[in-house]
Amino acid sequence: MASEDVKRTSDSAVSTIVNLAEEAKLASEGVKAPTGHALLSIAKSLVAGGVAGGVSRTAVAPLERLKILLQVQNPHSIKYNGTIQGLKYIWRTEGFRGLFKGNGTNCARIVPNSAVKFFSYDEASKGILWFYRQQTGNDDAQLTPLLRLGAGACAGIIAMSATYPMDMVRGRLTVQTDLSPQQYRGIYHALTTVFREEGPRALYRGWLPSVIGVVPYVGLNFAVYESLKDWLIKSRPFGLVQDSELSVTTRLACGAAAGTVGQTVAYPLDVIRRRMQMVGWKDAALVVVGDGKSRASLEYTGMVDAFRKTVRHEGFGALYKGLVPNSVKVVPSIAIAFVTYEVVKDVLGVEMRISD
């Protein structure tokens, strides 16, 4: 009896090993080195993402700058008090160029950021969908909103981490004015100055709230956008879909809805990130105030401390400073980014995602 049990156990183990070997063989057969066509498709996808990011951010650059100024300005020396007043003040004191200050740095950051983000989302979606189909045994299964959320979160974290030092110096270049005591002359000068005076870790100051915030922000953006598209194509409400294709206007509306949901949930973390980026900059208080007549306390020991001090000294509403211009900005920005990405992909002939 014992020998038969051992024999059965041995046969079972051998069978298991054989099955695993067969599955590994099948998996390896499906993993091939990227062909020239595949590499070209990847390059086109990266280009489409980069163009989408540059076009969308430039279109709303004045609102983006005003949002950051509202987030970090000294509450005891208010210069920017609302969207219209703030834009008029910038125009009056700094001229037309002041409205686009920091946009060059933003584009230099957002082009590679968007390229990596959209490409990472495409690849993460493919990988997650493949794994999901393997687990369910259904070759026709499609991504659920939750899985899209996960793919979007992965894409956001990868893209944000890869370009974070650029975002950090962009915030400082955006805040400084002609009256600032120290002038960063450009991206390279800002990067080298921060590295030399504050150390390499300063380039990633505020990274943690950015990572936490990017999960709901980018994740919800992609999840809401793709889910709305699928729902519209399948249900065809109000005659919005023709021949399984959404019009540019409908896609803009989907992108606007996605942007509204994502930015509202993640906005307090964006405020904290911007404030943490000013820590360690010896002239930050003077830059934020602009006239150098008073100083603001810009010392935070970490993300939790920044939350606590902001709420204690300025109230809960301070976590949503700049929300109005950001809302006005983010809706067209996200919408333009999604539509530009898809249009450029169509022009370049990029193959559609596996989830489409």
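Let's start inside the protein. Helix α8 gives the most to the lining of the largest cavity: 8 residues. Keep in mind that this is a predicted model.

How big is that cavity? Its volume is about 660 Å³. The structure holds 3 cavities of 30 Å³ or more. In the largest one, 40 residues make up the lining. The closest to its centre are Arg 57, Lys 117, Tyr 217, Val 218 and Arg 273.

Which helices take part? At least two lining residues come from each of α2 (36-59), α3, α5 (103-136), α6, α8 (207-235), α9 (248-278) and α12 (323-348). By class, the lining has 17 nonpolar, 12 polar and 11 charged residues.

Now to the salt bridges. A search of the whole structure finds 18.

Pair one is Glu 94 with Arg 65, at 3.1 Å from N to O. Glu 94 sits in helix α4 (residues 83-99) and Arg 65 in helix α3 (residues 61-72), so this bridge ties together parts 29 residues apart in sequence. Buried or exposed? Glu 94 is buried, and so is Arg 65.

Pair two is Glu 198 with Arg 172. Their closest N and O atoms are 2.7 Å apart. Glu 198 belongs to helix α7 (residues 187-198) and Arg 172 to helix α6 (residues 145-175), so the pair links parts that are 26 residues apart in sequence. Glu 198 and Arg 172 are both buried.

Asp 305 counts as buried because its relative accessibility is 6%, under the 20% cut-off. Lys 309 has a relative accessible area of 22%, so Lys 309 is partly exposed.

Some salt bridges share partners. Which residues do they join? One network takes in Glu 64, Lys 67, Asp 167, Arg 170, Asp 270, Arg 273 and Arg 274.

Last topic: confidence. The mean pLDDT of the protein chain is 75. Of its residues, 77% reach 70 or more. Over residues 289-294 the pLDDT is below 50. That stretch has 12 contacts in the model beyond near neighbours in sequence. Residues 352-356 are also below 50, and there the count is 15 contacts beyond near neighbours in sequence.

Conventions
Residues are numbered from 1 along each chain as its sequence is written. This is a predicted model: local features need pLDDT of at least 70, side-chain atom pairs count only at pLDDT 80 or more; totals for chains, interfaces and linings use all residues. Side-chain values use heavy atoms; hydrogens and water are left out. A salt bridge is a side-chain nitrogen of Lys or Arg within 4 Å of a carboxyl oxygen of Asp or Glu. Helices (H or I, at least four residues) and strands (E, at least two) are DSSP runs, numbered from the N terminus. Buried means under 20% relative accessible area, exposed over 50%, partly exposed in between (1.4 Å probe, protein chains only). pLDDT is the predictor's confidence in each residue, from 0 to 100. Contact means heavy atoms within 4.5 Å. On a 1 Å grid over the protein atoms alone, a cavity is a set of points where a 1.4 Å probe fits but cannot get out, and a pocket is an open set with protein on both sides within 12 Å along at least five of seven lines; lining residues have an atom within 4 Å of a point. Grid points are joined across faces, edges and corners, and a volume is the space filled by probe spheres set on the points. Ala, Val, Leu, Ile, Met, Phe, Trp, Tyr, Cys and Pro count as nonpolar, Asp, Glu, Lys and Arg as charged, and the others, Gly among them, as polar.
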